[in-house]
Amino acid sequence: MFENVPAYAGDPILSLNEDFQRDPRTNKVNLSIGVYFDDAGRLPVMSAVQAVEASLLQTVSPRSYLPMAGHTGYRDAAQALVFGANHDARVAGRIATLQTLGGSGALKVAADFLHRHLPASQIWISDPSWENHRVVFESAGITVNSYPYYDPDTGGLRFDAMRDAIDALPERSVVLLHACCHNPTGVDLDRSQWTELIPVLQRRKLIAFVDMAYQGFGDGLEEDAACVRQLADAGVPLIVASSFSKNFSLYGERCGALSVVCRDAEQAQRVLGQLTFAIRSNYSSPPTHGAKLVAGVLSDASLRAAWENELATMRQRIKAMRGKIHGGLAGHVDEVLRERYQSQVGMFTYTGLSEQQVDRLRDEHAIYLLRSGRMCVAGLNQQNVDYVASAIASVAANPGAKE
C-alpha cells in the first residue's frame with residue numbers, strides 16, 4: 001500500500017541536532033538548535049515555574065479536555081503580555097486570542113484560517129526567514145513569496161528594498177514580520193523603521209502577521225512587543241503568533257498563543273469562532289499543564305517579578321556571550337564579520353561563514369552551526385566561548401583548506 005511513499009529528507013535543524021547527539025567527541029558544542037542553555041550548558045528550569053508546579057502537585061485533580069480555544073486564564077495572560085494589560089483594543093474586546101500548540105501551532109491555525117477566509121491572498125516572508133514558515137503556509141495551500149531583508153555584505157537590514165517591495169504588494173496580501181530577535185539573522189527593524197513601514201501597510205491595505213517567538217530576549221518584554229502595539233494602535237489588520245517556549249523555558253509543553261486584532265468586539269467573536277473551528281479540524285483542544293504553569297506565574301505578582309528577573313538574566317547572558325566572542329575574534333576576522341556579533345540581537349547571529357567553513361567547524365572542531373552560517377548564541381558559555389572563537393578564527397584564516 002505504501003511502496004510509493006518517498007523518504008523524508010528530515011528537518012535541517014532537527015537532523016543536525018541528532019547528528020550532534022551522536023557525536024562522541026567530548027569537546028563538541030551545539031550552536032545549531034534554537035534553545036536557550038544556561039552558563040553550565042543546561043536547559044534552565046525557571047524558579048517561578050517550579051513554584052507553580054509544586055503547588056499544582058499538592059492537589060491532583062481530574063484532567064478533562066480544555067475548551068477548543070484553551071485555558072481562559074492563560075489566554076487572558078498571553079494577550080496582556082503581548083499587547084499590554086490596558087491597550088485600547090484589549091479593553092474594547094477587539095482581540096481574539098486562543099491557546100495554541102506552541103508558536104508553530106499558532107502559525108498553522110492562522111494559515112488554515114487565512115486560506116479558508118482569504119483564499120486569494122498570498123503571503124510574503126523575509127529573505128531569509130525561519131525555514132518552517134514556508135513549510136507551514138505552503139502546506140495550508142497558501143502561495144509563499146519573499147521580500148528583501150538581509151544584507152550579507154553588511155550583516156544588516158536592506159530596509160529601503162524591503163519597504164519598497166512591500167509598497168508594491170497587492171491589496172489583502174499577508175506580510176509576515178518578526179517582532180524581535182529575527183530568526184535566523186538576528187537583524188531587527190528599529191523603532192523609526194517600524195514607524196516608516198506602518199503607513200505603507202495601511203496604504204496598501206495589507207495584513208500584518210507578526211511572529212513573536214522571543215519576547216523578552218531582545219531588549220525587554222515591553223520593548224520587544226512595541227511594534228505589535230504600534231501596529232494595533234495604527235489600525236493595521238493584525239495577526240500575532242506568540243510563544244512561551246523560550247521565555248519560560250517550556251519547550252516541550254508547547255505553550256503558544258494566536259491573537260487577531262479586529263475592528264470591533266462583534267467581529268472579534270466571529271473570528272474567534274472560526275479560529276476555534278480551525279483548531280477543531282487540527283487537534284480539537286490544547287493541553288492543560290503548560291497553560292496552568294504560565295497562567296500561574298503571570299497571574300501572581302511576586303512570581304511574575306521573579307520570572308521577569310530571571311528572564312532579564314538570560315537576556316543579559318546572551319548579550320555577554322556576544323561581547324565575549326566579538327572580543328575573541330579581534331584581529332582574526334574581517335571587522336564587518338566581527339561587528340555583527342554585537343549589532344545583531346537575540347539568540348541568533350548570521351556569522352557570514354561559508355558552507356565550507358561551517359563544515360570544517362563541525363568536522364575538525366566538533367562545533368555545530370547551520371550551513372547557512374546561523375549560530376545560536378545562547379549555546380555559548382564561559383567554558384566554550386574562547387574555544388569557539390579560536391575555531392572560527394582558524395577556519396576564517398584558511399577558508400579553503402583542511403587541517
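## A first look inside this predicted model

Let's start with helix H5, residues 102-117: at 1.5 Å a residue its 16 residues should span 22 Å, and its end C-alpha atoms are 23 Å apart, which agrees. The expected span here is 1.5 Å times one less than the number of residues in the helix. Helices (H or I, at least four residues) and strands (E, at least two) are DSSP runs, numbered from the N terminus.

This is a predicted model, where local features need pLDDT of at least 70 and side-chain atom pairs count only at pLDDT 80 or more, while totals for chains, interfaces and linings use all residues. Residues are numbered from 1 along each chain as its sequence is written, and side-chain values use heavy atoms, with hydrogens and water left out.

Back to H5: its buried residues include Gly 102, Leu 107, Asp 112 and Phe 113. Buried means under 20% relative accessible area, exposed over 50%, and partly exposed in between (1.4 Å probe, protein chains only).

Take Val 385, which sits in H16 and counts as buried at 0% relative accessibility. Val 385 touches Met 321, Lys 324, Ile 325 and Leu 380, leaving aside residues up to four places away in sequence; contact means heavy atoms within 4.5 Å. Val 385 and Lys 324 are 61 residues apart in sequence, but their C-alpha atoms are 7.0 Å apart in space.

Ile 325 touches Val 385, Val 388, Ala 389 and Ile 392, as well as Tyr 341, Met 375 and Leu 380, again not counting residues up to four places away in sequence. Ile 325, Trp 307, Met 375 and Ile 392 are among the residues with the most contacts inside the largest nonpolar core, which has 101 residues. A nonpolar core is a set of buried Ala, Val, Leu, Ile, Met, Phe, Trp, Tyr and Cys residues joined through side-chain atoms within 4.5 Å.

How many aromatic pairs does the structure hold? There are nine. Rings of Phe, Tyr and Trp (its six-membered ring) pair if their centres lie within 6.5 Å; planes under 30 degrees apart count as stacked, over 60 as edge-to-face and the rest as tilted. Here are two of them:

| Pair | Ring centres | Planes | Type |
|---|---|---|---|
| Tyr 36 and Phe 217 | 5.9 Å apart | 70 degrees | edge-to-face |
| Tyr 147 and Tyr 149 | 6.4 Å apart | 65 degrees | edge-to-face |

Tyr 36 and Phe 217 are 181 residues apart, so to speak from distant parts of the chain, and both are buried. Tyr 147 is buried too, with a relative accessible area of 2%, and Tyr 149 counts as buried at 3%. Elsewhere, ring pairs link Tyr 74, Phe 244, Phe 248 and Trp 307 into a cluster.

### A buried glutamine

Gln 79 is in helix H3, residues 72-83, and is buried, with a relative accessible area of 9%. A polar atom of the Gln 79 side chain lies 3.3 Å from the backbone oxygen of Ile 95.

Key: Polar contact = N/O pair within 3.5 Å; in protein donor to acceptor, adjacent residues only side chain to side chain.
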